[in-house]
Amino acid sequence: MKKKKMNLSGTVALVTALLVLIIFIPINLIVSYYDKGFDMTPSGKYTLNEKTVQLLDETADKHIDIYCLYDLEEFKRSDNSEFLPLYHTLKQLEQRDNITLTCFLPDENVTLSKELDPEGLLGIEKGDTFVKANGVIKKISRNKVFQTGADDTKQYAGEELLAAAIKTCSSGSLPTVYFLTGHGEKSIETNLAEFSALLKTNNYDVQELDLGKEGAVPDNAKIIYLAGPTQDITDKEKDLLLEYSNNGGAMSFLLDPCDTEGRFTNIEKIMEEFGLVLDYNIVTETTPANMLDDPDQNQNENYLRVEYPAGSQVNTDFTQDLTTDLNMLISNGSFSAGISYPRSLTEIPDDSFPGASYIERSSIIKNTTGLEGSYTTVSKAMGGDDITAKEANEKLSGISLDFGYYSFNKKSGGKLIVIGTTAPIDTVRCTPTVDIPADKVKAASTSGTRMLMIFSNTWLYDSEIQFGVGNKINAYDYMSFKGSDDATKTIASLFILPVVIAVIGLAVWLKRRNS
């Protein structure tokens with residue numbers, strides 16, 4: 001009589017099931033009790049980056065308030081799953097002893113909304129986030145927290161923006177834009193109030209600076225504007241501005257045509273360091289097709305149609321780009337491509353410019369041709385001297401002209417924007433001679449060149465500050481096949497073959513289980 005083999009498969013299965021219950025059920029209960037999760041995303045979307053943790057450790061002695069203008073628990077709903085990264089970032093920040101997180105809806109707490117935006121400049125919307133420390137408030141727009149990359153990938157920028165805001169506010173001051181005074185420039189109070197307010201909405205502080213009296217560029221200066229001077233700067237001011245740019249500083253010169261006695265010698269010397277030359281003229285248009293309407297809706301020769309040359313996204317000769325996004329907006333009909341009462345600018349030829357190997361220059365505003373393909377603008381001398389007058393009257397009409405440039409020193413990091421008019425930022429007077437009626441200010445503010453000035457500020461100094469965490473995205477693996485045969489073989493090896501093996505194994509087990 002054959003001895004029957006003992007079959008332990010059922011016992012093993014039972015013991016295994018019991019072990020699973022004994023081990024995993026308590027673990028699951030413990031994890032649920034402590035609400036502990038594990039971030040398995042490749043970019044760590046739900047976990048603070050080590051750079052953010054280091055920043056929080058360094059600022060642990062400063063009290064920081066974070067205001068989320070939303071019901072945070074709403075982020076946990078299944079239909080709001082895309083907001084989970086922001087939810088986890090805010091909850092981890094709240095765990096810090098020195099950080100207080102306050103969530104509210106702006107319509108339900110008007111008093112607190114007013115405290116965050118007392119001047120009504122920042123604009124408060126549901127979903128925005130504010131960071132406050134050392135008396136400094138920085139807004140993070142809800143539209144910036146979740147972004148779409150160039151390849152249409154969904155990206156989470158919330159931690160980057162929050163970390164940058166904490167760093168800025170804990171330092172005690174926002175990045176400051178200074179407007180120079182003392183040379184007949186346009187003033188913030190009378191001419192630049194709207195542009196100043198616009199800068200503040202983008203998280204800049206705005207101040208005036210009499211460099212001659214101060215004797216130094218303030219340490220917190222991120223951009224220095226020279227807007228519409230009627231007199232030259234001094235030798236000392238020129239030296240201070242050159243020192244500032246050589247240390248990586250950023251400047252924006254908006255130089256109206258004006259009847260000066262002689263040349264802006266020191267302003268020219270700064271421009272020459274960046275490979276640019278100032279023309280002493282005023283440019284008008286002769287063909288109606290290239291004229292734009294003035295604020296009174298009358299076609300005016302002083303209002304010129306222009307174009308904005310493509311930047312690095314289209315032209316590989318350059319590394320910087322200020323115009324591609326603007327051109328897209330113009331093509332969509334959002335803005336008009338125009339400028340008013342400009343003077344022209346010129347490049348120093350590469351063979352005459354010692355810094356050509358490390359200075360990158362590009363025109364960002366040009367006149368455009370007429371219907372017959374020729375340039376129809378006229379140049380008339382204004383200011384300067386006999387040499388510049390002859391150049392302006394005899395050589396600068398009917399040719400390609402530039403009204404704006406960027407220049408970037410790749411060695412020092414210094415940046416310069418030069419525009420041949422203040423009109424894009426002047427709210428009281430569109431030009432030195434034409435008033436903008438109150439009901440036309442908004443229309444005048446939406447010109448392409450006005451938008452270019454806004455884009456240029458971000459290029460000169462990004463108020464969001466690139467903290468270093470970067471945007472976080474989901475990572476996906478892809479497989480490419482040369483043809484259908486390769487795809488079939490791969491599918492067979494990955495899916496069909498394991499199933500066949502499993503079936504064979506099951507058949508063997510069934511055959512032997514009673515043997």
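Two strands count as paired if DSSP finds at least two bridges between them, a strand being a DSSP run of E with at least two residues and a helix a run of H or I with at least four, numbered from the N terminus. The model you are looking at is predicted, with local features needing pLDDT of at least 70 and side-chain atom pairs pLDDT 80 or more, while totals for chains, interfaces and linings use all residues. Residues are numbered from 1 along each chain as its sequence is written, and side-chain values use heavy atoms, without hydrogens and water.

Let us start with strand β6 (residues 154–156), which runs antiparallel to β21 and is joined to β21 by two bridges. Y156 has K472 of β21 as its bridge partner. Both strands belong to an open, antiparallel sheet of three strands, ordered β5-β6-β21. Because β5 (146–148) and β21 (472–473) each have a single partner strand, they stand at the edges, with one side left without a neighbour in the sheet.

Rings of Phe, Tyr and Trp (its six-membered ring) pair if their centres lie within 6.5 Å; planes under 30 degrees apart count as stacked, over 60 as edge-to-face and the rest as tilted. By this rule there are nine aromatic pairs. F83 and F146 have ring centres 5.5 Å apart and planes at 80°, so this pair is edge-to-face. The pair links distant parts of the chain, 63 residues apart: F83 lies in the loop between β1 (64–68) and α3 (84–94), and F146 in strand β5.
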